[in-house]
Amino acid sequence: MKGFFHRILLIDATRRTFSVETFSDADARMHLGGKGLGTALLLAKNPAGVDPLSAGNHIVFSLGPASDSPVYGSCRYAVLAKSPLTGFLGHSYSGGKLAIPMSRTGYDAMAIHGASEKPVWIEISDRDVQFHDASSLWGKDTYEAEDAIKSALPPGEESGVVVIGPAGENLVRFAVIENDRWRSAGRSGMGAVLGAKRIKAVAFHGTQVRPFADPDGLKTYARETLNQFREHPATTAYRNNGTPMMVALLNTAGGFPTQYWSAGHKEGWEKIGADAMKSRCGAKPRACRTCFMACGKLIEVAEGRHRGLQIEGPEYETLYAFGGLCMIDSIEEIAWLNDLCDRLGIDTISAGNLVALAMEASKRGIISETISYGDADHAGRIIAQIAAKTGIGALLAEGIRSAAEALGLSDIAVHVKGMEPAGYDPRSLNGMALAYAVSDRGACHLRSTFYKAELAGMIPRKQVEGKAELFVDFEDRCTLHDCLVSCRFYRDFYTWEALSRIVALTTGVQMEKADLQLLASRVANLARAFNIREGLTAADDTLPARMFREPLENGDRILPADLDRMKSDYYRLRGWKEDGTL
């Protein structure tokens, strides 16, 4: 079966040794790559009930059959481990340029277990695996560390580096892995898993070429995709405005989470949306490799105390977290907070939620420290404390579930399985209630991107009947994106037929829609099996009680009975039992 090297690199960080395993065509057909291959490896390699921050938890970097191919949107990688934030399956994805040198090492996945006694960075090539002392890099921010390691790599081959910041070193449970300076494998705490292993970074380079079934056909398909979609309205929207365009859409819909989930519309949202980024910060399109959308936005703060700050971003989720939940009205200040999180290696969604929780605790007099809504300086101070685990940051660094319990705010804390939602209020978009509730990694918007279906009017937001059927279709296609590994934003272009063609051109195996749906279902079942093994029950597939008892200011709400109906339909469509077991 083409599209794979059929090789998995196994690294023992304790002994500083490595070995190689192979896998069969049958395994490749069962799981493809990315999420499917990575989840299968975690099920096989991780001991049941392993502490996520222990040496026994494997962290897996995984690619797919479309990696290092001409397929647009394919320059992404997956990273998976048991999550220190949720205790369940953790998986995150990142773009940029890194997937190409990662693929050229000649491996489909790299699984690291054990823990180094001293800080190290690991260099993986198609010839060797080397462990380098990282003592001088420990404590440095992600930008500094990445630059230093890149300068130490041999010239002549394209290379890439994943790196953690001080937050990962200090085992902040929502620490991220960064690459290409501004790209993040951002959710579920993968940076903390590397930090627990005392691994500051992993570098990749090599010369191996992934074998494709039809290389010429892939080039032809890529040209067809470019010609057909480069001026598509979706492409134009992402190129011109990027994800910040969602600020206007969600405020119009009444689902923009505001003042720690107390409202769905923010007055003055125009100050932090796409137009503000363009007019005040000169936002310019920036693309990953093999991408024509250029959804990223390179900005430079033009005036004020952060003048000269350059960053790719902020993305919509960062704007919602700091602009909506924390009520910060300045695009420049949010860019500064974004930069701070990137340097320290912190997930901006979790950080914004936790800073807003601290603001709410201060407002209620639960903590003596003054942390005011709308104050960027207060937010920046809390972020620094989280990364260093000092002051109230030591409490917040343990994640929303633990922090809320310690503060006596569990009744208002918004999370699913210990992970905070993205910027789509489920009381406004009822399908997102199902998406958050049943997601295998916590309150995640990207495993289905079902907000698209509801905002675009593909199905009424309040409809319950038949919603799970459309949701499963969205989730299955997104699962295949995670297995290939390819970008979510090509979902409008890569229909079932297109996905079938990509699989055929890369692997040589013809899979029709029903075959692909079966494959996606198997991967969903793998993830469910992992989570059940780690203690998940159907009771975890729900929303916080606050989402049911507090309607939004426009009256939008989600009823427990409606979520129960959608969840029951979802279990049935997945072929699971009524109690959510397999």
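How do β9 and strand β10 pair, in the parallel or the antiparallel sense, and over how many bridges?

Analyst: Happy to. This is a predicted model, so local features are taken only at pLDDT of at least 70 and side-chain atom pairs only at pLDDT 80 or more, while totals for chains, interfaces and linings use all residues. Numbering starts from 1 along each chain as its sequence is written, and side-chain values rest on heavy atoms, without hydrogens or water.

To your question: β9 and β10 (residues 177–179) pair antiparallel, over two bridges. Pairing here asks for at least two DSSP bridges between two strands, and the elements themselves are DSSP runs numbered from the N terminus (H or I of at least four residues for helices, E of at least two for strands). One of the contacts to look for in this pair is at Val163, whose bridge partner in β10 is Glu178. β9 (residues 159–163) also has five bridges to strand β12 (residues 199–205), again running antiparallel. Four of the five residues of β9 are buried, so the strand is mostly covered (buried is under 20% relative accessible area, exposed over 50%, partly exposed in between, with a 1.4 Å probe and protein chains only).

Now follow the chain on either side of β10. Leu171 sits in the loop between α5 (166–169) and β10. Its phi is positive, about 65°, although Leu171 is not a glycine. Leu171 counts as partly exposed because its relative accessible area is 26%. Beyond β10, in the loop between β10 and β11 (183–185), you will find Asp180. Asp180 is another residue other than glycine with a positive phi, near 50°. Asp180 counts as buried because its relative accessibility is 18%. For context, most residues other than glycine have a negative phi, and most peptide bonds are trans.

On a 1 Å grid over the protein atoms alone, a pocket is an open set of points with protein on both sides within 12 Å along at least five of seven lines, a cavity is a set where a 1.4 Å probe fits but cannot get out, and lining residues have an atom within 4 Å of a point.

Gly313 and Pro314 are joined by a cis peptide bond, with omega about -5°. Pro314 lies in the loop between β15 (310–312) and α11 (316–325). A cis bond is also found between Leu484 and Val485, again with omega about -5°. Val485 belongs to the loop between α19 and α20 (496–507).

The whole structure has one cavity of 30 Å³ or more, and the largest cavity has a volume of about 120 Å³. Of its 14 lining residues, Lys35, Asp440, Glu475, Ala524 and Tyr570 are the closest to its centre. Helix α19 (467–484) supplies the largest share, four residues, and both α19 and α21 give at least two. This lining is made up of seven charged residues, six nonpolar and one polar.

Ser521 is in α21 (residues 513–533). Ser521 is buried because its relative accessibility is 18%. Leaving out residues up to four places away in sequence, Ser521 touches Asp476 and Arg574 (a contact being heavy atoms within 4.5 Å).

Finally, the nonpolar packing. The largest core has 158 residues, and Tyr260, Ile346, Tyr424 and Tyr494 touch the most other members. Helix α13 (residues 348–363) gives the largest share of this core, nine residues. A core is a set of buried Ala, Val, Leu, Ile, Met, Phe, Trp, Tyr and Cys residues joined through side-chain atoms within 4.5 Å. That returns us to the strand we started from.

Terms used. Grid points are joined across faces, edges and corners, and a volume is the space filled by probe spheres set on the points. Ala, Val, Leu, Ile, Met, Phe, Trp, Tyr, Cys and Pro count as nonpolar, Asp, Glu, Lys and Arg as charged, and the others, Gly among them, as polar.
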